[in-house]
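Please brief me on this structure, grouped by topic.

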Amino acid sequence: MDTAWNSLNTYSAGARGAMNDLKEVLSDPWAAVNNFHQLHWRIHTMMMLIGTAGLAFLIMMFLANWTSVGQKTKEAVKEALPIAKPGSPPIPPPTDIVSLRIYPIKSCRGIELDKTRLRKTGLTLDRNWMFVAQDDTNSNGAPKFLTIRSDPSMTLIDTALVDDPETKQQNLEISIHGTDARVLIPAFPTQEWLSNNTTLKTVEIWEKETDGYVYNDSINAPFSSFFNKPVALVYKGPTHRMVAVNGSKELYGVETAHHFADVMSLQIASQSSIDDLNRRLEAKGADVPKDLTIERFRPNIIVRGRDDKPWEEDTWKRIRITTTLHDEEAMYRIDLDAVARCARCQVPNVDPDTAEKHAKEPWDELMKFRRVDEGGPAKWKPCFGMLCIPRSEGKVAVGATVEVLETTKNHLYNTRKFADFPTQNPGNAIECAISYHEYAALKRRTKDSNASHPAPMQQQ
């Protein structure tokens, strides 16, 4: 203690001496030079003062930077945690992906995969092609697209991915159910192949024009025979076709390109919801289709969901898919914005195995309890599944974990901006990085103490 006190006194005396020397230098510089040999110990003190000031500056800079980094870390944690604002629907527990489906040709049969890559434009190869009627054109001469809505027989056109052992390339095999007709085309055509086998033209889809590579007659012939009219297979051209409704720039905030899907690049549905619909149809008795498959609704990603909580996907706002691929020693984490419920037409009435369309179901049953969105045309239609936009890209696989990070009850089809959905209150967020299971344990511990107030983070 005495040593520290003596050091402080010495430091103070040196500082006072340094100040006196500075005054002496300013008042009589020549005298200060003559007495320099007497001032060496005070010079040492001045250097110590300067060094101390520099150290203090560095410490202040470090603390300021640490505060900034800490704030950024907190913001990142808030973004990562599953958080429900008081009054918003509760956050459900994690579920998993039970099926992945792509539909390479619009309105034709799909392919079920174990894993694939999710891009901003949707799952790889999904809706990259469509058929157009060459004798049905708009005023500009652009042929119009064919859809299952007007021709249910399109579900009899099958697709499959096959590897070519010679070229080591992947091909898309297109066949017609119940016939020997088969066509093989490259699944990932090069520009050279497209130049030799297609013609870049303008085509129409949903009363809007876009470009597409129209295949030649040798490829189109079996399909023209099947449809009993001249048709052409079309591969999406280089010009971007933008996502519509709630994914449009006006409502979502940024433009997102996709291929030939109707309005959105990705649809996610729940197995628990289709199971609930099947239970309702079973209760209606005879002359009602039973055991509907999820393929009738043509989603890309099917999650398991909870049997006692069907239709939870209605409240999704932001979700995260985490895929661990042990054979690659890799993990992919992709966040997606659920921007709208999927308003349905009567396509689910079509049996994809037979192309027969039921006159009433499941449309009538869905209309009884699934008119859950008051936005635009959705108020007159039932909803099934969620339309999503990926924030990033990566691989996804069956068995991947799906977490809901944010919920909302403010979905409004083709009406409300995504930015206007209520978000979590940052002041109520738990400001630390925790796993979902740690978060659930914390929720249980705090449940009793918060019984009289809504908790900022909710689990159901």
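**Briefing**

Strand β3 (residues 115–119) pairs with β4 in the antiparallel sense, over two bridges. Strands here are DSSP runs of E of at least two residues, helices are runs of H or I of at least four residues, and both are numbered from the N terminus. Two strands count as paired if DSSP finds at least two bridges between them. This is a predicted model, in which local features need pLDDT of at least 70 and side-chain atom pairs count only at pLDDT 80 or more, while totals for chains, interfaces and linings use all residues. Residues are numbered from 1 along each chain as its sequence is written, and side-chain values use heavy atoms, with hydrogens and water left out.

**Confidence**

- The pLDDT, the predictor's confidence in each residue from 0 to 100, averages 84 over the protein chain, and 75% of the residues score at least 70.
- Residues 424–439 have pLDDT below 50, and the model gives this stretch 31 contacts beyond near neighbours in sequence; a contact means heavy atoms within 4.5 Å.
- Residues 445–460 also stay under 50 in pLDDT, with 37 contacts beyond four places in sequence.

**Three-stranded sheet**

- The open sheet containing β3 has the strand order β4-β3-β20, with antiparallel pairing.
- Its edge strands are β4 (122–123) and β20 (394–397), each of which pairs on one side only.
- R119 has G122, in β4, as its bridge partner.
- Strands of a sheet pair through backbone hydrogen bonds, either parallel or antiparallel.

**Nonpolar cores**

- A nonpolar core is a set of buried Ala, Val, Leu, Ile, Met, Phe, Trp, Tyr and Cys residues joined through side-chain atoms within 4.5 Å.
- Buried means under 20% relative accessible area, exposed over 50% and partly exposed in between, with a 1.4 Å probe and protein chains only.
- The largest nonpolar core has 48 residues, and W129, F131 and I185 have the most contacts inside it.
- A second, separate core of 14 residues includes V245, A378, L387 and F418.
- Leaving aside neighbours within four places in sequence, the contacts of F131 include I105, F145, M154, F223 and F227.

**Helix α5**

- In α5 (residues 217–227), the residues I219, N220, F223, S224 and F227 are buried.
- They lie on the same side of α5 because they cover an arc of only 120° around the axis, the arc being that of the directions from the helix axis to the C-beta atoms.
- An α-helix has 3.6 residues a turn, so residues three or four places apart point the same way.
- Exposed residues S218 and S225 are on the face of α5 turned away from its buried side.

- E209 is found in strand β11 (residues 208–215) and is partly exposed, at a relative accessible area of 41%.
- The side chain of E209 makes polar contacts with the side chains of N138, at 3.0 Å, and N140, at 2.8 Å.
- A polar contact is a pair of N or O atoms within 3.5 Å; within protein, one must be able to donate a hydrogen and the other to accept it, and residues adjacent in sequence count only if both atoms are side-chain atoms.
- E209 and P143 are 66 residues apart in sequence and 9.5 Å apart in space, C-alpha to C-alpha.
- D335, in strand β18 (residues 330–343), is buried, with a relative accessible area of 12%.
- The side chain of D335 makes polar contacts with those of R318, at 3.4 Å, and R320, at 2.6 Å.
- Leaving aside neighbours within four places in sequence, D335 also has P390, R391, S392 and L405 among its contacts.
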